[in-house]
Amino acid sequence: MSDNAKRRMWIANVMQTVLNIGLLLLGAILIVFLVKETYALIQVLFVNSAQSSSYLLIEGIVIYFLYFEFIALIVKYFQSGYHFPLRYFIYIGITAIIRLIIVDHKDPMDTLVYACAILVLVVALYLANTDRLKRE
């Protein structure tokens, strides 16, 4: 192996290590926010049940799932040999748009556009799960 190839491999390994450390830190931060969101959901359910609306509860649950999906994405990254599966990004996109529909549903045209975006993401998810594109 030439010195140039060794240098490139060393640089790639250093960058991969920095990326892995950054993702571990991000995962830890997301876990902290997941715990805070769990506490907030408990507050909405049991402490402020008379004052809170069902929209606040549903929004909190969807945000909870977003944190959960991002943590699952990081776990899957390490399990699949430093690769982010496309499917997980699509799942996160669908969940985020559903949250947007729940929070901002005043304009019917916007809701229709969001629903069409979900349809596009579902079609992309179907295509990503075909045998030609599936890597796992």
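This is a predicted model: local features need pLDDT of at least 70, side-chain atom pairs count only at pLDDT 80 or more; totals for chains, interfaces and linings use all residues.

Visitor: How many residues does helix H3 have, and what distance does H3 reach from its first C-alpha to its last?

Guide: An α-helix has 3.6 residues a turn, so residues three or four places apart point the same way. Here, helix H3 covers residues 86–103, which is 18 residues. From first to last C-alpha, H3 reaches 26 Å, close to the 26 Å expected at 1.5 Å a residue.

Visitor: Which residues of H3 are buried, and against what do the buried residues pack?

Guide: The buried residues in H3 are Arg87, Tyr88, Ile90, Ile92, Ile94, Thr95, Ile97 and Ile102. Packing against the buried residues of H3 are H2 and helix H4, residues 108–128.

Visitor: Let us turn to aromatic rings. How many aromatic pairs does a search of the whole structure find?

Guide: The search finds seven aromatic pairs. One of them joins Phe33 and Tyr67, with 6.1 Å centre to centre and 5° between the planes. This pair links distant parts of the chain, as Phe33 belongs to helix H1 (residues 3–47) and Tyr67 to helix H2 (residues 54–79), 34 residues apart.

Visitor: Why does the pair of Phe33 and Tyr67 count as stacked?

Guide: Planes under 30 degrees apart count as stacked, and the angle for Phe33 and Tyr67 is 5°. As for accessibility, Phe33 is partly exposed, at a relative accessible area of 38%.

Visitor: Which residues do ring pairs link into a cluster?

Guide: The cluster consists of Tyr77, Phe78, Tyr82, Phe84 and Phe89. Asn20, found in helix H1, touches Tyr77, Phe78 and Tyr82, not counting residues up to four places away in sequence. Asn20 counts as buried because its relative accessible area is 11%, under the 20% limit.

Visitor: Where does Leu24 lie, and is Leu24 buried or exposed?

Guide: Leu24 lies in helix H1 and is exposed, with a relative accessible area of 54%. The C-alpha atoms of Leu24 and Phe78 are separated by 9.8 Å, although these residues are 54 apart along the chain.

Visitor: What should I look for in charged side chains, and which side chains meet in a salt bridge?

Guide: Side chains of opposite charge can pair when their charged atoms come close. The count in this model comes to one salt bridge. Glu59 and Arg99 form a salt bridge through their side chains, at 3.0 Å from N to O. The two residues are 40 apart, Glu59 in helix H2 and Arg99 in helix H3, and thus link distant parts of the chain. Arg99 is partly exposed, with a relative accessible area of 24%.

Visitor: What is to be noted about phi of Tyr82?

Guide: Most residues other than glycine have a negative phi. Tyr82, however, has a positive phi, near 60°. Tyr82 is placed in the loop between H2 and H3 and is partly exposed, at 46% relative accessible area.

Visitor: Finally, which residues form a nonpolar patch on the surface?

Guide: The patch is formed by Trp10, Ile11, Val14, Met15 and Val18, which together have about 520 Å² of accessible area. Met15 counts as exposed because its relative accessibility is 56%, over the 50% limit.

Notes
Residues are numbered from 1 along each chain as its sequence is written. Side-chain values use heavy atoms; hydrogens and water are left out. Rings of Phe, Tyr and Trp (its six-membered ring) pair if their centres lie within 6.5 Å; planes under 30 degrees apart count as stacked, over 60 as edge-to-face and the rest as tilted. Helices (H or I, at least four residues) and strands (E, at least two) are DSSP runs, numbered from the N terminus. Buried means under 20% relative accessible area, exposed over 50%, partly exposed in between (1.4 Å probe, protein chains only). The expected span of a helix is 1.5 Å times one less than its number of residues. Contact means heavy atoms within 4.5 Å. Patches are made of residues with over 30% relative accessible area and no salt bridge: like charges are joined within 9 Å, nonpolar side chains (Val, Leu, Ile, Met, Phe, Trp, Tyr) within 5 Å. Accessible areas come from the Shrake-Rupley method with a 1.4 Å probe; for residues, only the protein chains shown count as cover. A salt bridge is a side-chain nitrogen of Lys or Arg within 4 Å of a carboxyl oxygen of Asp or Glu.
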